[in-house]
Amino acid sequence: MSEVCRETVLNEGGAEALIGVLVGMGLVESASGDGRYVLTDLSREYLAPGSPYHIGEGLFWDCTDDVPGAYLAGVGQTTATASWSTEVRLAIQHSRNFAPSVTAARSGVFDGVTRVVDVAGGSGTFAIPVALDNPEASVFLVEQPTVAPFVAPYLRKYGVADRVTVVPMDVFQLDWGLDASDVAFLGNFLHDQNDDDALVLLDRCSRHLTESGALWVHEVLFDERPGRPQIAALWNANMIARGSGGVQRTYDEVVRLMRQAGFADFQRIPTSGGFSLVGGRKVASREGVRRGDDIGSSASGITRSAHAPAAVARGPAAAGGCRVILAGSSLGEAFTPALRRSCRGLEGTVPRRIGRA
Ligand SMILES: C[S@@+](CC[C@H](N)C(=O)[O-])C[C@H]1O[C@@H](n2cnc3c(N)ncnc32)[C@H](O)[C@@H]1O
């Protein structure tokens, strides 16, 4: 404790109080019962600046105020100020999303896939493991034109640069101009959208897929209890702080949107870090899309809403201050036995804690 006081601005009472909180959060643990504390593997992996999975500024993702403007009465909009370069943003996404996406790719449902598109694929957290595990598959990663050029270094690092085709494109455009895929993956992107835009996005996936092709959404899901599980409430708080109109959803809410966009035969597969895959098969009938037209339409199909409606907080959004919320959303429940098992074979390229399992 005295060491902590020497190195920080804390007095002994403050150090004791905050270390207690860090122990409760699983970031620090008692070393030997003699009063010494050490970082847990979780902290060493994600919080130590020397680690390849250092989450860095990602702890404060678009959220630098103690109470985000989006939470405040009379403000109601984000005060997000993050202005990271594309490289930094992709690095943060990769640190945070790679491990759960590997678990998703290795869940079994993608085995033997022939043509797969990773929609808004970021650094390739899903495209990389799916390409590694399915050498015969054609893998496409769609990203914003401004971001797409920054994806190649990640693909090279994992040896799949010649296996994954990066497609610079806005995924909201009506016609993707790509040959149809039998599988589409939508990781961590539906939660950025309000319901109107989510429906447009799902419609674009449906249009792109082969008849009876499958869409897999990968998200941290709420269950039916308000604010539960905590990891979903933390992510949800982050979405609301960012003010895009996005929210975390329950399984039923995701299914409702997918059904409206023309999918059926739903299933849920929990992966890791609080994430689940929600799968649906495209059905021939486009009835759902017609229904979707009711909430934002044009003659050529569903159009994206011009203004995101105010998001509705469902979790303990304001509890504890923004920075704590972000720490939790980035790291909470990141490591599970299933995750460690599923990452075998990627040792050295995934967080060490996983590789050691
Ligand atoms: C939260 S990240 C998720 C990335 C990846 N799927 C993952 O799970 O690691 C969302 C990604 O969507 C991309 N994106 C945002 N808007 C987009 C658009 N209109 N078209 C294509 N990509 C977009 C962003 O650049 C970002 O990389």
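Biologist: Which residues come nearest to the ligand, and what makes a residue count as near?

Modeller: A residue is near a molecule or strand if its C-beta atom, placed from the backbone, lies within 6 Å of it. There are 17 residues around the ligand, and Asn97, Ala120, Gly122, Gly187 and Asn188 come nearest. This is a predicted model, in which local features need pLDDT of at least 70 and side-chain atom pairs count only at pLDDT 80 or more, while totals for chains, interfaces and linings use all residues. Residues are numbered from 1 along each chain as its sequence is written.

Biologist: Which elements supply the shell around the ligand, and what makes a stretch of chain a helix or a strand?

Modeller: Helices (H or I, at least four residues) and strands (E, at least two) are DSSP runs, numbered from the N terminus. Helix H4 (86-105) and strand E4 (138-143) each give at least two residues to the shell, and the largest share, three residues, comes from H4.

Biologist: How many residues of the shell are called nonpolar, polar or charged?

Modeller: Six are nonpolar, nine polar and two charged, where Ala, Val, Leu, Ile, Met, Phe, Trp, Tyr, Cys and Pro count as nonpolar, Asp, Glu, Lys and Arg as charged, and the others, Gly among them, as polar.

Biologist: Why is Ala120 called buried?

Modeller: A residue is buried if 20 or more other C-beta atoms lie within 10 Å of its own, exposed if 12 or fewer, and partly exposed in between, with C-beta atoms placed from the backbone. Ala120 has 21 other C-beta atoms within 10 Å, and therefore counts as buried. Its place is in the loop between strand E3 (115-119) and helix H5 (127-133), and its phi is near 55°, a positive value in a residue other than glycine.

Biologist: Is Asp265 buried or exposed, and how do you know?

Modeller: Asp265 is exposed, because it has 11 C-beta neighbours inside 10 Å. Asp265 lies in strand E8 (residues 263-270), and although it is not a glycine, it has a positive phi of about 55°.

Biologist: Why is strand E9 described as largely enclosed?

Modeller: Seven of the eight residues of E9 are buried, so the strand is largely enclosed by the rest of the structure. Strand E7 (residues 209-220) is mostly covered, with nine of its twelve residues buried.

Biologist: Which strands pair with E9, and what makes two strands a pair?

Modeller: Two strands pair if DSSP finds at least two bridges between them. E7 and E9 (residues 275-282) run antiparallel and are joined by seven bridges, with Leu215 having Gly280 as its bridge partner in E9 and His218 standing opposite Leu277. E8 and E9 also pair in the antiparallel sense, over six bridges, and there Phe263 stands opposite Lys282. The hairpin of E8 and E9 has four residues between the strands, and in it Gly273 takes a positive phi near 60°.

Biologist: In which sense do E6 and E7 pair, and which hand does their crossover have?

Modeller: Strand E6 (residues 181-187) and E7 pair in the parallel sense over six bridges, and the bridge partner of Gly187 in E7 is His218. The chain crosses from E6 through helix H7 (residues 195-208) to E7 in a β-α-β crossover that is right-handed, meaning that, with the strands pointing away from the viewer, the path from the first strand over the helix to the second runs clockwise.

Biologist: What is the mean pLDDT of the chain, and where is the pLDDT below 50?

Modeller: The mean pLDDT (the predictor's confidence in each residue, from 0 to 100) is 80, and 75% of the residues reach 70 or more. Over residues 288-300 the pLDDT is below 50, and this stretch has 26 contacts in the model beyond near neighbours in sequence; two residues are in contact if their C-beta atoms, placed from the backbone, lie within 7 Å. Residues 307-330 also have pLDDT below 50, with 58 contacts beyond near neighbours in sequence.
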